[in-house]
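I am opening a notebook on this entry.

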Amino acid sequence: MSERLIGILTDSFVKILIPGIKVTIPLTMLSFAFSFVLGLALALVQVADIKVLRQFARFYIWVFRGTPLIVQLFIIFFGLPSIGITLDAFPSAVIAFGMNLGAYNAEVFRSSIQAIPQGQMEAAFMIGLSYPTTMRRIILPQSFPIAFPSLFNNLISLLKDTSLASSITVIELFTTAQQIAARTYEPFALYCEAAVIYLFFSTFLTWLQSFLEAKLVWKSKPVTDAGKNRAILG
Amino acid sequence: MLEIRDIHKSFSGEEVLKGIDFKVDKGEVIAVIGPSGSGKTTLLRCISFLEKADKGTIIFDGYTHEMGTISNRDIKKIRMRMGYVFQNFNLFSNMTVFENVMEGLTTARGIERNTARSKTIDVLEKVGMIDKAEYYPGEISGGQQQRVAIARAIAPDPDVILFDEPTSALDPELTGEVLDVMKRLAKEGTTMVVVTHEMGFAMDVASRITFMENGMVVEEGTSREFFSSPKEDRSRQFIRRIMRECEYTI
Ligand SMILES: Nc1ncnc2c1ncn2[C@@H]1O[C@H](COP(=O)(O)OP(=O)(O)O)[C@@H](O)[C@H]1O
Ligand SMILES: [Mg+2]
């Protein structure tokens, strides 16, 4: 490797890392938070069997899972202005990623809710809990640990998919790498460098996932050793 | 205290309850017996509105409601005064034994925590489960889970408790501990409707027997009358068969 290339790479590492931390990570977090709330809402109206809302949720999921993410991004950023709705690039990306992942998270939440034996819901009704309280106190606390691994996988996918935001002018990690690659004529080195930084982020998330999963395990499958169980809780 | 008139219920065109009348007075223990598939579970589920009856009247606590049109508010009001013990316990897996019992007092009824706590300790002592209070349902045996489920049902002092075959999901050696708890409740004057295959329990503890077959009540009477001199052929045959099964299992 030439000295010039090493110079470019060390120089650009920080230049790419900073928008990674300042833009890619917030974009991922905000979009995920949005998709989490949206997914939960779409799942709840389906399991609660609220007729019209249930059909809306099925339609929504059908559309957002059946069309490419980049097309959704383009519709929101480039398309909406022509009907009078103009949004900045960053909020457009948050909305597009959030709405897209919301459809996937809805399915994760729905199946995790349906994995809880129906009998517990009936038992909750019989001790006098209402439907929303039963969801909040009994069903969701149990379905969340079941949903957790899939939700986290979706989060890691999202982290990587945020690179698509470069196509709607968001200056994030990958956009910066593209700019430096164009300036220095070293696309191979710079895209590899961008890949390494993504890998760094996603490896951290994978580590975080296994760390948190270990903490959640007592809820999804009760351990037989009561003492150990309480130790985890305490 | 609780009266049901002319309940009908069909599942996909097949009538499972064909006009059942049913009555429990305060302090009575009624055993509902009958071959499997006769509609006993469906009857309890309709009384507790876990299943919506097609037709029928429920009279509870002096109020009369049509079962087909009753409002959710009235359903909740009735359930607040009704306990239900399920065949497979249905304890909340995310809560300890103690929290399972507390939930109906604090969250459902807004009872103040300290009052609820002492009530929970009382009922857990009554079913002999106080030393497992901090365990999760997955950490205790089926018999213990069912005793906790009974504690959860009796904690709010309901007017009547419905039991759906509370021992039939248990290994034979664990049924005794659950039946003992139920006997104690009966002795204390708890109003109970018990669907059961335990003929010993029905004979010893129940004041009245309701014998069901094919979605109808075939015979109804005091426990003594029913077992010593059943009026209907069908009842006689059922008693004879079930007694024979008991001998085999002994
Ligand atoms: N949810 C349901 N859907 C369809 N059929 C049902 C349902 N629940 C019960 N049945 C039918 O109703 C009949 C009575 O069932 P059940 O009340 O469980 O009887 P039992 O408790 O006396 O064994 C059976 O033929 C059963 O197959
Ligand atoms: Mg049954």
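Leaving aside neighbours within four places in sequence, which residues is B:F22 in contact with? I found B:L2, B:E3, B:I4, B:I30, B:V32, B:L43, B:I47, B:V193 and B:T210, where contact means heavy atoms within 4.5 Å.

I noted the ground rules: this is a predicted model, in which local features need pLDDT of at least 70, side-chain atom pairs count only at pLDDT 80 or more, and totals for chains, interfaces and linings use all residues. Residues are numbered from 1 along each chain as its sequence is written, chains are lettered from A and ligands numbered from 1 in the order in which they are written, and side-chain values use heavy atoms, without hydrogens and water.

Next I looked up the cores. A nonpolar core is a set of buried (under 20% relative accessible area, 1.4 Å probe, protein chains only) Ala, Val, Leu, Ile, Met, Phe, Trp, Tyr and Cys residues joined through side-chain atoms within 4.5 Å. The largest has 87 residues, and B:I7 and B:F22 touch the most other members. I saw that helix α6 of chain A (residues 131-161) gives the most to this core, eleven residues; helices are DSSP runs (H or I) of at least four residues, numbered from the N terminus. A second, separate core has 49 residues, including B:A31 and B:V178.

Last, I turned to ligand 1. Among the residues surrounding ligand 1 are B:F11, B:V16 and B:K40. Oxygen atoms of ligand 1 lie 2.7 Å from a polar backbone atom of B:G37 and 2.5 Å from a side-chain N or O atom of B:T42.

Definitions and conventions: Near = heavy atom within 4 Å. Polar contact = N/O pair within 3.5 Å; in protein donor to acceptor, adjacent residues only side chain to side chain. Buried < 20%, exposed > 50% of the residue type's maximum accessible area, 1.4 Å probe, protein only. Helix = DSSP H or I, 4+ residues; strand = E, 2+ residues; numbered from the N terminus.
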